[in-house]
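Hello,

Here is the structure for you to look over. My notes follow below it.

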Amino acid sequence: MIAMYYKWRMGDDPLPPHVYQIGYAAYNGLTANNESQAIIISGESGAGKTEATKKCLQYLAAIVSKKR
């Protein structure tokens, strides 16, 4: 799943919505535009904020390790 979203680029056929797209946008903004990035994940209790955060961090760790 990470590889699918990692290879996706703006303008490609759309992929189903996923939290990895947030990680992609943040990483792309950081590397391509050289701008600081922030990700805000909000919601009610039990909405999955912790899981979404874990998935974003998992995605970012995976793509950064591939760049080395």
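**Notes on the model**

Asn34 sits in the loop between helix 2 and helix 3. Helices here are DSSP runs of H or I with at least four residues, strands are runs of E with at least two, and both are numbered from the N terminus. Asn34 is exposed, at 69% relative accessible area. The cut-offs are over 50% for exposed, under 20% for buried, and partly exposed in between, with a 1.4 Å probe and protein chains only. The phi angle of Asn34 is near 55°, a positive value in a residue other than glycine.

Some ground rules. This is a predicted model, so local features need pLDDT of at least 70 and side-chain atom pairs count only at pLDDT 80 or more, while totals for chains, interfaces and linings use all residues. Residues are numbered from 1 along each chain as its sequence is written, and side-chain values use heavy atoms, with hydrogens and water left out.

**Confidence**

pLDDT is the predictor's confidence in each residue, from 0 to 100. The protein chain has a mean of 85, and 96% of its residues reach 70 or more. Among its elements, helix 3 has the highest mean pLDDT (89) and helix 1 the lowest (75).

**Overall layout**

The protein chain has three helices and zero strands. Its pattern along the sequence is α-α-α. The C-alpha trace spans about 35 × 25 × 20 Å along its principal axes. Of the 68 residues, 24% are buried.

Contact means heavy atoms within 4.5 Å. Of the contacts with a separation of 6 or more, 42% join residues 24 or more positions apart.

The chain exposes about 5000 Å², and carbon and sulfur atoms supply 55% of that. These areas come from the Shrake-Rupley method with a 1.4 Å probe; for residues, only the protein chains shown count as cover.

On charge, there are 8 positive and 5 negative side chains, and the centres of the two sets lie 11 Å apart. Lys and Arg count as positive, Asp and Glu as negative; His and the chain ends are not counted. Each charge is placed at NZ of Lys, CZ of Arg, CG of Asp or CD of Glu.

**The core**

The largest nonpolar core has 13 residues. Such a core is a set of buried Ala, Val, Leu, Ile, Met, Phe, Trp, Tyr and Cys residues joined through side-chain atoms within 4.5 Å. Ile2, Val19, Tyr20, Tyr59 and Ile63 have the most contacts inside it. Helix 1 (2–7), helix 2 (19–32) and helix 3 (49–67) each supply at least two of the core residues. Helix 3 gives the most, with five. Leaving out residues up to four places away in sequence, Val19 touches Ala52, Lys55 and Cys56.

**Other residues to look at**

- Gln21 is in helix 2. Gln21 is partly exposed, at 24% relative accessibility. Residues up to four places away aside, Gln21 touches Tyr5, Leu15 and Pro16.
- Pro17 lies in the loop between helix 1 and helix 2. Pro17 counts as exposed, at 77% relative accessibility. Pro17 and Gln58 are 41 residues apart in sequence, and their C-alpha atoms are 17 Å apart.
- Thr50 is in helix 3. Thr50 is exposed, with a relative accessible area of 54%. Thr50 and Asn28 are 22 residues apart in sequence and 23 Å apart in space, C-alpha to C-alpha.

Best wishes
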